[in-house]
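Please consult the sequence and the model alongside the text.

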Amino acid sequence: MRPEALEAMLAELVAVGNPSSQHTSGRRARRIVEESRESIASVLAVAPGDVVFTSGGTEADNLAVKGLYRARRSAEPQRTWVLSSSIEHHAVLDAVEHLGAHEDADVVWLPVDGVGRVDVERLAESLVAGEGRTALVTVMWANNEVGTIQPVAEVAALCAAYGVPFHSDAVQAVGQVPVDASVPTTLAASGHKVGGPLGVGVLSARRSAAIEPLVHGGGQERDIRSGTLDTPAIAGLAAALTAADADRDERVAQVRTLRDELVHRVVGEIDGVTRNGDPVDCLPGIAHLSFEGCEGDALLLLLDAAGIECSRGSACSAGVPQPSHVLLAMGLDALTARSSLRFSLGRTTSESDIDRLLDVLPGVVARARRAGPAR
Ligand code: PLP
């Protein structure tokens, strides 16, 4: 966590007061919540009233996808189409699949090109084909595995032309690239991706957007998301986001330079390595690489044993490594997809971290190649 976030959070963890209470302590907590809402709104370029606090990115995505769909569908029952990019995070992907499996939604998965950018022409065709029948479009701001930034403004313009609500999952983008949350109808952000605490997030939702709540109760947060507000986490999120916004240009330039060096050196020093994602329109802190002849899990565990932590975008199902849906959608074959790793760089990454990786990685790749891909 950023020190600013920790400080703001610690101060609130020892304070008393439910922000929905009317007594002095409650009003004090409410003031913290509302000031936090204002600073978050200002970073996201929306009105404070648009900011709805949630328990994180996953809840914000579920609230938007299911809430927008259900509200639109009950107002106009013929609107059963949901158009979603095929590279969404599971927070969106599984929510969309749930609507398809249990609530009669007709899901159209929009393809992406080889670098993971959604096909806007296909979206336009689908909006024409589904005119009067589309309930919702969902396309993320930037992909969490390969980092490719999506054509959000073009998607928003198309959705506006067809009067269809548009949700964008900006969990990875906020704090890394300029994000104007007023562009889509709703937008999800998460505390722990911006140097804030885990377990808090935001759904920025236009006041005009009809959203059915998922959680019913005390009517907090415009009655869209009931539950006592987590003042410490909200204060921490606001402090982190404000700090991330203030140093973004400088931090991003530094992270991008290190990321480019990492990619250049790994590709230059180890045979059979390819980079995935858009090399230009890409989040600064992600390097996504495929290592020919290796199993990604083997690489990950060998690196972890050497004190280097990285990730795979894919899940393990019953112990069998599964290729990432994002990489498959980009046209990679299953073996290549499974040979891939995501290296994430952040505010505290240094030149010596890159040196350390390059000391270890060639040996790790050689070992993983000897073991070969899992069957
Ligand atoms: N969406 C994206 C793109 C993410 O990368 C993540 C988390 O990694 C989420 C949603 C889920 O957010 P949270 O961890 O706050 O639930």
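## Basis of the description

Helices (H or I, at least four residues) and strands (E, at least two) are DSSP runs, numbered from the N terminus. The model is predicted, and local features need pLDDT of at least 70, side-chain atom pairs count only at pLDDT 80 or more, and totals for chains, interfaces and linings use all residues. Residues are numbered from 1 along each chain as its sequence is written, and side-chain values use heavy atoms, with hydrogens and water left out.

## Loop residues with positive phi

Asp 223 is located in the loop between β7 (201–205) and α7 (231–246). Although Asp 223 is not a glycine, its phi is positive, at about 70°. Its relative accessibility of 46% makes Asp 223 partly exposed (buried means under 20% relative accessible area, exposed over 50%, partly exposed in between, with a 1.4 Å probe and protein chains only).

Ala 45, in the loop between α2 and β1 (51–54), likewise is not a glycine and has a positive phi, near 65°. With a relative accessible area of 43%, Ala 45 is partly exposed.

Ser 36 belongs to helix α2 (residues 24–44) and is buried, its relative accessible area being 6%. Its side chain reaches the backbone oxygen of Ile 32 at 2.7 Å. Leaving aside residues up to four places away in sequence, Ser 36 touches Ile 234, Ala 235 and Ala 238 (contact means heavy atoms within 4.5 Å).

## Packing of α3 and α4

Helix α3 (residues 57–75) packs against helix α4 (residues 90–102) at an angle of about 30°, and their axes are 9 Å apart. Axes are lines fitted to C-alpha atoms, for helices over the stretch in contact, and angles run from 0 to 180 degrees between N-to-C directions. The two helices α3 and α4 are therefore roughly parallel (angles under 35 degrees; over 145 is roughly antiparallel, 65 to 115 roughly perpendicular and the rest oblique).

Residues of α3 in the contact include Asp 61, Val 65 and Tyr 69, and those of α4 include Val 92, Ala 95 and Leu 99. By class, this contact of α3 with α4 has 7 nonpolar, 3 polar and 3 charged residues.

## Packing of α8 and α12

Helix α8 (residues 248–269) and helix α12 (residues 351–371) meet at an angle of about 20°, with axes 10 Å apart. They are therefore roughly parallel to each other. Among the contact residues are Leu 258, Leu 262 and Arg 265 of α8 and Ile 354, Leu 358 and Leu 361 of α12. The contact of α8 with α12 has 7 nonpolar, no polar and 5 charged residues.

Key
Ala, Val, Leu, Ile, Met, Phe, Trp, Tyr, Cys and Pro count as nonpolar, Asp, Glu, Lys and Arg as charged, and the others, Gly among them, as polar. A polar contact is a pair of N or O atoms within 3.5 Å; within protein, one must be able to donate a hydrogen and the other to accept it, and residues adjacent in sequence count only if both atoms are side-chain atoms.
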